[in-house]
Amino acid sequence: MSDKPSSSFRRYLPARYREKKPFVPVVRLEGQIAAGRASALGAKPLNLLSVAGPLKKAFEMKGTDTVALCVNSPGGSPVQSRFIHDRIRQLAEENEKTVLVFTEDVAASGGYWIACAGDEIIADPASIVGSIGVIAAGFGFTGLIEKLGVERRVYTAGQNKSTLDPFKPEREEDVEYLKSLQLDIHEQFIAHVRERRGDALKEDDNMFTGRFWVGSRALELGLVDGLGSLRGTLIERYGKDVQLKLIGGASVPIWRRLFRSGGDPLGDGLKGAMAAVEERALWSRYGL
């Protein structure tokens, strides 16, 4: 007869007497990467502010040597991408943890920048991976305001203060200046990928053009280290009893999002709607 307590009674024992099962904390990094907080409509950008708490909690958990990150992002702010990446690496080194990154629908542009924080990147065969480039997009409304009979009045101190104003005709020198900024950021992105991926990277003429690939092709190019799913990979490495512990931040009630700090619910709602359109456009670039 076994001396071990039955499973029905094991839950009532003090933690130190229970049979310990392997576990891996999991943090989801999902959505458009942008500074700021959640909008009134609930659109929550991915940035250091939104994930700092869950990351810290996951990496400081005792009893495991691994943290899993699920990345599902079409990109966004290069600054916030770098902030999140650097925080992940800092926490990994401080707590001596291995970082496994799992890509879901998309790990592109800033999403791939973050994914490079992994000691290993594991993609679904159909994941969209890459897009190592920089993009800026907007609209021009000069024709529209003329038809509406609207007069644009802008007063500046500094001749370049209204660069790329969407209500003024586009100037070639403004576009060239924007492109120079993009080239600087692009070079930083390329250097980052080369540093993190090292000898695994198999560069070709399209590697850094902004092109993106499915996970199986990304594996051939050395952008990822393997193919698989979160649960399947962790079961294969830690056994069928491995527990996945999802670490998330505290949610904000809708009434607080609407009325905090005396905010304007209507104004916040309009901002949220615009942010939702912008995020939808980012996802649609990858057919999603």
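# Exercises on a predicted model

Two bridges join strand S4 to strand S7 (residues 226-227), and these strands run parallel. The model is a predicted one. Work through the exercises in order.

## Exercise 1: Around strand S4

Find which residue stands opposite Ala123 in S7. Then find the strand that S4 pairs with over four bridges.

**Solution.** 

Step 1. Start with the S7 side. Ala123 stands opposite Leu227 there.

Step 2. Turn to the four bridges. They link S4 (residues 120-123) with strand S3 (residues 98-108), and the pairing is parallel.

Step 3. Pick out a pair of partners. Val101 has Ile121 in S4 as its bridge partner.

Step 4. Trace the chain between the two strands. From S3 it passes through helix H4 (residues 110-115) to reach S4. This β-α-β crossover is right-handed.

## Exercise 2: Around strand S1

State how many residues of S1 are buried. Then name the strands that pair with S1.

**Solution.** 

Step 1. Count the covered residues. Six of the eight residues in S1 are buried, so the strand is mostly covered.

Step 2. Take the pairing with strand S8 (residues 243-246). It is parallel and has four bridges. Val26 stands opposite Leu246 in S8.

Step 3. Take the pairing with S2. It is parallel too, with five bridges. The bridge partner of Arg28 in S2 is Cys70.

## Exercise 3: The nonpolar cores

Which residues touch the most other members of the largest nonpolar core? List what Leu29 contacts beyond its neighbours within four places in sequence.

**Solution.** 

Step 1. Look at the core as a set. It has 42 residues. Leu29, Leu69, Ile88, Tyr112 and Leu223 touch the most other members.

Step 2. Zoom in on Leu29. With neighbours within four places left aside, Leu29 is in contact with Leu46, Val51, Leu69, Cys70, Val71, Asn72, Ile84, Ile88 and Ile114.

Step 3. Look for a separate core.

## Exercise 4: Side chains and backbone

Which backbone atoms do the side chains of Ser77 and Asn95 reach?

**Solution.** 

Step 1. Locate Ser77. It is in the loop between strand S2 (66-73) and helix H3 (78-95).

Step 2. Follow the Ser77 side chain. It reaches the backbone nitrogen of Gln80 at 3.1 Å.

Step 3. List the contacts of Ser77 beyond neighbours within four places in sequence. They are Ile33 and Ala34.

Step 4. Locate Asn95. It lies in helix H3.

Step 5. Follow the Asn95 side chain. It reaches the backbone oxygen of Leu91 at 2.9 Å.

Step 6. List the contacts of Asn95, again leaving aside neighbours within four places. They are Phe59 and Glu60.

Step 7. Asn95 and Phe59 are 36 residues apart in sequence, but their C-alpha atoms are 6.5 Å apart in space.

## Exercise 5: The whole chain

How many helices and strands does the chain have? What percentage of its residues are buried?

**Solution.** 

Step 1. Count the elements. There are 10 helices and eight strands.

Step 2. Read off burial. Of the 288 residues in the chain, 37% are buried.

Step 3. The accessible surface of the chain is about 17300 Å², and 53% of it belongs to carbon and sulfur atoms.

Notes:
Residues numbered from 1 in each chain as written. Predicted model: local features only at pLDDT ≥ 70, side-chain atom pairs only at ≥ 80, totals over all residues. Heavy atoms only, no water. Core = buried A, V, L, I, M, F, W, Y, C linked by side-chain atoms within 4.5 Å. Buried < 20%, exposed > 50% of the residue type's maximum accessible area, 1.4 Å probe, protein only. Contact = heavy atoms within 4.5 Å. Polar contact = N/O pair within 3.5 Å; in protein donor to acceptor, adjacent residues only side chain to side chain. Pairing = 2+ DSSP bridges. Right-handed = clockwise from strand over helix to strand, strands pointing away. Areas by Shrake-Rupley, 256 points an atom, 1.4 Å probe, with all protein chains shown as cover.
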